[in-house]
Amino acid sequence: MRVAAVSARARPPMFIDSHCHLDFPELAADIDGVLRRMAAAHVDEALCVSVTMADFPRVLALAERDERLWASVGVHPDNPAQSDPADEPDAERLVALADHPRILAIGETGLDYFRQAGDAPWQRERFRQHIRASRRSGKPLIIHTRAAAADTLAIMREEGADQAGGVMHCFTESWETARAAMDLGFHISFSGIVTFRNAADLREVAARVPDDLMLIETDSPYLAPVPHRGKTNEPSYVPHVAACLAEVRGQPVERIGELTSANFRRLFRGQ
């Protein structure tokens with residue numbers, strides 16, 4: 001698929017990267033350069049997402065050092081069950097950590113059965129704790145799901161995730177899964193995967209998501225979009241995701257930037 005170029009305008013479109021990992025070594029080593037390139041690409045803000053308790057202080061420190069950056073708190077489902085309670089937080093601790101003006105969300109959390117050998121009850125319990133923390137804190141969820149859509153949606157319903165809201169990040173599932181998540185009040189976020197040549201089915205989903213429930217992200221340092229596929233991803237590449245959505249939806253890229261930025265600010269900042 002040919003990805004539309006981001007046009008040069010007197011007033012260029014502005015974008016928000018709704019999910020990145022700037023604390024990861026690939027980006028942290030050049031954080032000043034990452035931020036310069038982000039500004040040059042007209043990416044106004046980025047949400048730095050937590051994946052472990054041990055690394056959470058680094059994520060928060062990034063959000064505290066630059067007003068364009070925000071943070072979340074949570075533990076990714078890929079990280080095995082921890083024997084140390086400090087690394088396996090319950091809802092109470094997540095709520096306490098989320099009580100900070102630079103923390104916008106709980107997560108990323110969810111279920112990932114792709115690399116699991118056998119059952120993973122600890123993943124489901126961790127997910128439940130995050131949903132409970134989201135409901136109590138009033139801060140939305142960032143949900144990761146891979147090879148686990150049915151269980152993810154079932155737990156969302158059982159735990160009242162619709163009372164919290166949030167986003168299905170780096171979405172790669174079917175339209176039926178997207179529709180079920182949106183029925184629970186969740187946004188659908190598209191990453192560089194939507195630009196990949198073999199992602200035609202995902203682009204069909206992207207064409208159908210309502211304007212007010214769509215977000216864009218990089219999930220950097222992973223999943224760099226075309227034309228940067230194979231490189232280290234970073235927030236400055238998120239306009240390429242927007243350009244792809246503009247093409248498949250028949251909307252100007254400026255409109256995609258406006259919509260997704262407004263959706264981000266409404267969901268995460270109540271604006």
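Guide: What follows covers the sheet, the helix across it, the aromatic pairs and the charges over rings. The model is predicted.

Visitor: What makes E1 and E8 edge strands?

Guide: Start with the order. The open sheet has eight strands, E1-E2-E3-E4-E5-E6-E7-E8, with parallel pairing. Strand E1 (15-20) and strand E8 (214-216) each have a single partner strand, so one side of each lacks a neighbour in the sheet. From one strand to the next, the twist averages 30°.

Visitor: How do you know that E7 and E8 pair?

Guide: Count the bridges. Pairing needs at least two. Three bridges join strand E7 (residues 186-190) to E8, so they pair, and they run parallel. As for Ile-188, its bridge partner in E8 is Met-214.

Visitor: Which helix lies across the strands, and at what angle to E8?

Guide: Helix H10 (residues 253-269) does, running at about 100° to E8. The strands it lies across include strand E4 (103-112) and strand E5 (141-146).

Visitor: How many aromatic pairs are there?

Guide: The count comes to two. A pair of rings is described by the distance of the centres and the angle of the planes.

Visitor: Why is the pair of Phe-24 and Tyr-222 called edge-to-face?

Guide: The centres are 6.0 Å apart, and the limit for a pair is within 6.5 Å. The planes stand at 70°.

Visitor: Why is the pair of Phe-264 and Phe-268 called tilted?

Guide: The distance is 4.9 Å centre to centre, with 50° between the planes. Stacked needs under 30 degrees and edge-to-face over 60, so this pair is tilted. Both residues lie in helix H10, four residues apart, about one turn of the helix.

Visitor: What makes Arg-146 a charge over a ring?

Guide: Its charged end sits over the ring of Phe-114, 3.6 Å from the centre. The distance limit is within 6 Å. Arg-229 likewise lies over the face of Phe-196, at 3.7 Å from the ring centre.

Technical notes:
Residues are numbered from 1 along each chain as its sequence is written. This is a predicted model: local features need pLDDT of at least 70, side-chain atom pairs count only at pLDDT 80 or more; totals for chains, interfaces and linings use all residues. Side-chain values use heavy atoms; hydrogens and water are left out. Helices (H or I, at least four residues) and strands (E, at least two) are DSSP runs, numbered from the N terminus. Axes are lines fitted to C-alpha atoms, for helices over the stretch in contact, and angles run from 0 to 180 degrees between N-to-C directions. Contact means heavy atoms within 4.5 Å. A charge sits over a ring if NZ of Lys or CZ of Arg is within 6 Å of the ring centre and within 35 degrees of the ring normal.
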